Amino acid sequence: VQLQASGGGLVQTGGSLRLSCAASGRTFSSYAMGWFRQAPGKERELVAAISWGGVTTFYADSVKGRFTISRDNAKNTVYLQMNSLKPEDTAVYFCAADPNPYYRNYTPRNPIDYVYWGQGTQVTVSS
């Protein structure tokens, strides 16, 4: 499975970006998916996750109400819509896939649950 993230860029505070993560393989619809980010000098953190059925989502407190994760299984793609961006959102964003979620509505929180990782896309929010 290969994951290709795109959509990052430079945006001003309050702006929006939509990240996309395209996955190869015919079993994408059975994977739970997540978006992580890593800022310089900081640990990688989970931003949002979505169950393989698309019914259940999880958001870090820092992005609740501003970010929305979604998926289109017909296109093998997961999205992260980011609104009201802040300078502290600046980071490299990674998409990741858990091919063995415990159950349909499970949203994995631990990075070790994710087996496949994309290459990352830079998001920079200027003040």
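Colleague: Which residue does D89 form a salt bridge with?
Modeller: With R66. The closest N and O atoms are 2.7 Å apart. Keep in mind that this is a predicted model.
Colleague: Buried or exposed?
Modeller: Both D89 and R66 are buried.
Colleague: How many salt bridges in the whole structure?
Modeller: The search finds 4. One of them joins R37 and E45, with the closest N and O atoms 2.7 Å apart.
Colleague: Why does R37 count as buried?
Modeller: Because its relative accessibility is 7%, and buried means under 20%. E45 is partly exposed, at 33%.
Colleague: Which residues are linked in a network?
Modeller: R37, E45, R66 and D89 are linked in a network of salt bridges.
Colleague: And K64, what does its side chain meet?
Modeller: D61, in a salt bridge of 3.2 Å, N to O. D61 is exposed, with a relative accessible area of 65%.
Colleague: Switching to cysteines. How many disulfides?
Modeller: The structure holds 1. C21 and C95 form it, with their sulfur atoms 2.1 Å apart. C21 is in strand 3 (residues 17-23) and C95 in strand 9 (residues 91-98), 74 residues apart.
Colleague: Right-handed or left-handed?
Modeller: Right-handed, with 60° about the S-S bond. Both C21 and C95 are buried.

Technical notes: Residues are numbered from 1 along each chain as its sequence is written. This is a predicted model: local features need pLDDT of at least 70, side-chain atom pairs count only at pLDDT 80 or more; totals for chains, interfaces and linings use all residues. Side-chain values use heavy atoms; hydrogens and water are left out. A disulfide is a pair of cysteine sulfur atoms within 2.5 Å. Helices (H or I, at least four residues) and strands (E, at least two) are DSSP runs, numbered from the N terminus. Buried means under 20% relative accessible area, exposed over 50%, partly exposed in between (1.4 Å probe, protein chains only).
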